[in-house]
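Please read the following report alongside the sequence and the model.

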Amino acid sequence: MKAKTHMTLAAALIAAAVSCAPQALLYRMGKARPEARIAMAADRVQKDTVPAGVPEHDTLVIRNVDGRDMIIMKAIRDDDGQMVANQVIDAAYVTARFRNVAERQGKVDIEFQVIVPRSLQEGRWQLRYTPALYMLQDSLLLDKVVITGGQYRRRQLRGYQQYQRFIDRIITDSTKLIHTRALEIFIKRNIPALYAFRNDTTFVSDEQFGSVFGVGEAEAIEHYTDKFATRLNDRRIASRDRMFHRFVKAPIIVDGIRLDTVLTNSRGDYVYNYVQPVRTRPRLKKVEIVMSGEIYEQDVKVCDIAPSEPLDFYISSLSAFVDDRQRYVTKVIERRAEANAVHNICFESGRSAINPYLGGNGREIEAIKNELRGLVADRVFDLDSVIVTASASPEGAYAGNSALSDRRGAGVADFFNRFLKFQRDSLRREEGVHINVDREYAPGRKEGFAAVPFINRRLAENWPGLDAFVEEDTVMTDAQKSAYKAIRQIQDADARELRMREEPWYAYVRDKAYPSLRTVQFHFYLHRKGMVKDTVHTTEPDTVYRAGVQAIRDRDYEKAALLLGPYNDYNAAVAYCALDRNRSAMAILECCEESAQVDYMLALLYSREGNDREAVRKYLESCKLNPQYVHRGNLDPEISRLITQYQLQEKLTQTEQL
């Protein structure tokens, strides 16, 4: 009996010790304050691809520019078939706090490792890690990484099982809540006629049922429904949410989760590789990752995991290769220039004088005056002459209309010539006078204002205007328009107009079209001030090209390719390369003059295309022309692969020393 008591006491002590283990661990961590741990992901070297049927070689022979052959040894191949360098990092994660990442097609892949130390791998806990990304002035919480202990997950599943058993007790078939057998016996004994319907396929409506037996079908079912079971079932339905929270203490998280994994027995630190694509923005040069977290036990937070030290990712972009030199376009400047304006001025029948109050003349006259004011005061052009062409509508004799057009043109020219003279006098007064050293007065503008001649020309009858009206009119039918075109072939203008008068549509054309045919057209002839030669060739910055270069700097490569594509030059190749349009970029660069930038870009493109021989050769040449590309090669994955795979570091060091 005593031995049994000792065994029971020992078991109780062991159980207490086990249950207190997490609390003791928390106590120790409370003093040390657990911190989230993230690290740079180890560099992954791409597999060397060899075309089928081509024997694999361990070396590459590359001919240098000076004609000498160089032998480049490949790195060793490990058991997985990966090409690796001779120096291998054995640690599970890299301790560096910063890394350069390459932008491709307007985005970068931020890759880091989430590390779960063995000391935090407790079966009763769930660790919820939240990485935060910082760039420019913005921050973004990334998807969580959830590490769940085996015991924690079993409790979760047990809660879901208990809740499912509760749900299974809810009755969804309402017929199960009716005392069907009692209802059937009652009907069979007391209403045999109704019971006969049990085996009768004749349809009986609820109204017919009630008229025969004095009670409705719904009332009969209500009477034999189990009221207690129904109320109990309704309470279960209403308490579903409450029972879910009662049984499921720790719901399984499904939204915003990158990984939810269960650790049951890990012999060391658990490492998860986290890759987050990020769209680049203008002026984005650095991205920072910080991770924090919480420890939960049965969905109760028991401890915070302090934020980690930041990981810094410096973004290298192909926009750094843009050629920023200004590009100019040749522009031809003509000495002479012209400007035209058409205005509708109404005239009284048979009159040539302008009446400012007739029709819309006031508005038209003011518009012409504004044009003349602008031309006279223009700082670039001088007004040489104005040609005024007046026209009349086809009604009446052609000779009379011709003379009338002459008089109207002369009247318009005289009217605006007087206005222009007044305008010149006003400008002279605004210029004022200046006093020279001898106290003599002189005009403020030395060249003065030359008189502008108005030249009168006539268009006797405005038949072209009538042609345009008929063509665009939506009221006249196609047959009427065809009739007009036939009449239009008559050579004599007077006979043509008389023939039109016989048509039923003439009155419509006369009322709608003729007023608009009495037009005055102004033709302004100008020349550039101070310019003697008829043409001058000058250069000015190409604004379209500059916008394309700026689009590369802003990493808007689609826009850059659209703007720079027609130029088919080096910067267009940079835009194509950034968009992974490798063949287009290569075709341009292979025709460019050799330089360090061109060679480096070609090395990058050849690497993408799998032409390692030319890629290595071009890269070494670029480093020889500009040693800065020795360090740049580590920033671009296409080049860093070559450096690792062909052990170029020693040759690059020699290039730097030279």
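What percentage of the 658 residues in the protein chain do buried residues make up? Buried residues make up 39% of them, where buried means under 20% relative accessible area, exposed means over 50%, and partly exposed lies in between, with a 1.4 Å probe and protein chains only. This is a predicted model, in which local features need pLDDT of at least 70 and side-chain atom pairs count only at pLDDT 80 or more, while totals for chains, interfaces and linings use all residues. Residues are numbered from 1 along each chain as its sequence is written, and side-chain values use heavy atoms, with hydrogens and water left out.

The secondary structure of the protein chain comes to 24 helices and 21 strands; helices (H or I, at least four residues) and strands (E, at least two) are DSSP runs, numbered from the N terminus. Of the contacts in the protein chain with a separation of 6 or more, 72% are between residues 24 or more positions apart, a contact being heavy atoms within 4.5 Å.

**Two buried strands**

Strand β11, residues 286-297, has nine of its twelve residues buried, so it is largely enclosed by the rest of the structure. Strand β16, residues 381-392, likewise has nine of its twelve residues buried and is therefore largely enclosed by the rest of the structure. The table gives the pairings of these strands, where two strands pair if DSSP finds at least two bridges between them.

| Pair | Bridges | Direction |
|---|---|---|
| β6 (residues 126-135) and β11 | ten bridges | antiparallel |
| β11 and β12 (residues 300-305) | five bridges | antiparallel |
| β11 and β13 (residues 311-316) | four bridges | antiparallel |
| β16 and β20 (residues 519-528) | nine bridges | antiparallel |
| β16 and β19 (residues 454-461) | seven bridges | parallel |

Leu127 stands opposite Ile295 in β11, Lys286 stands opposite Tyr314 in β13, and Tyr296 stands opposite Lys301 in β12. The hairpin of β11 and β12 has two residues between the strands, and in this hairpin Gln298 takes a positive phi near 55°.

**Two helix pairs**

The axes of helix α11 (residues 463-472) and helix α12 (residues 478-487) come within 10 Å and cross at roughly 160°, where axes are lines fitted to C-alpha atoms, for helices over the stretch in contact, and angles run from 0 to 180 degrees between N-to-C directions. That angle makes α11 roughly antiparallel to α12, since angles under 35 degrees count as roughly parallel, over 145 as roughly antiparallel, 65 to 115 as roughly perpendicular and the rest as oblique. The crossing of α11 past α12 is left-handed; a crossing is left-handed if the near helix is turned anticlockwise from the far one by less than a right angle, and right-handed if clockwise. Trp463, Leu466, Asp467, Val470 and Glu471 in α11 meet Lys481, Tyr484 and Lys485 in α12. By class, this contact of α11 with α12 has four nonpolar, no polar and four charged residues, where Ala, Val, Leu, Ile, Met, Phe, Trp, Tyr, Cys and Pro count as nonpolar, Asp, Glu, Lys and Arg as charged, and the others, Gly among them, as polar.

The axes of helix α2 (residues 150-168) and helix α8 (residues 240-247) come within 8 Å and cross at roughly 150°, and α2 and α8 are therefore roughly antiparallel to each other. Helix α2 passes α8 in a right-handed crossing. On the α2 side the contact is made by Gly159, Tyr160, Gln162, Tyr163, Phe166 and Ile167, and on the α8 side by Arg240, Met243, Phe244 and Phe247. The residues of the contact of α2 with α8 divide into seven nonpolar, two polar and one charged.

**Two loop residues with positive phi**

Most residues other than glycine have a negative phi. Leu136 is not a glycine, yet has a positive phi of about 50°; its place is in the loop between β6 and β7 (138-141), and at 45% relative accessibility Leu136 counts as partly exposed. Arg555, also not a glycine, has a positive phi of about 65°. Arg555 has its place in the loop between α16 (543-553) and α17 (557-564), and at 13% relative accessibility Arg555 counts as buried.
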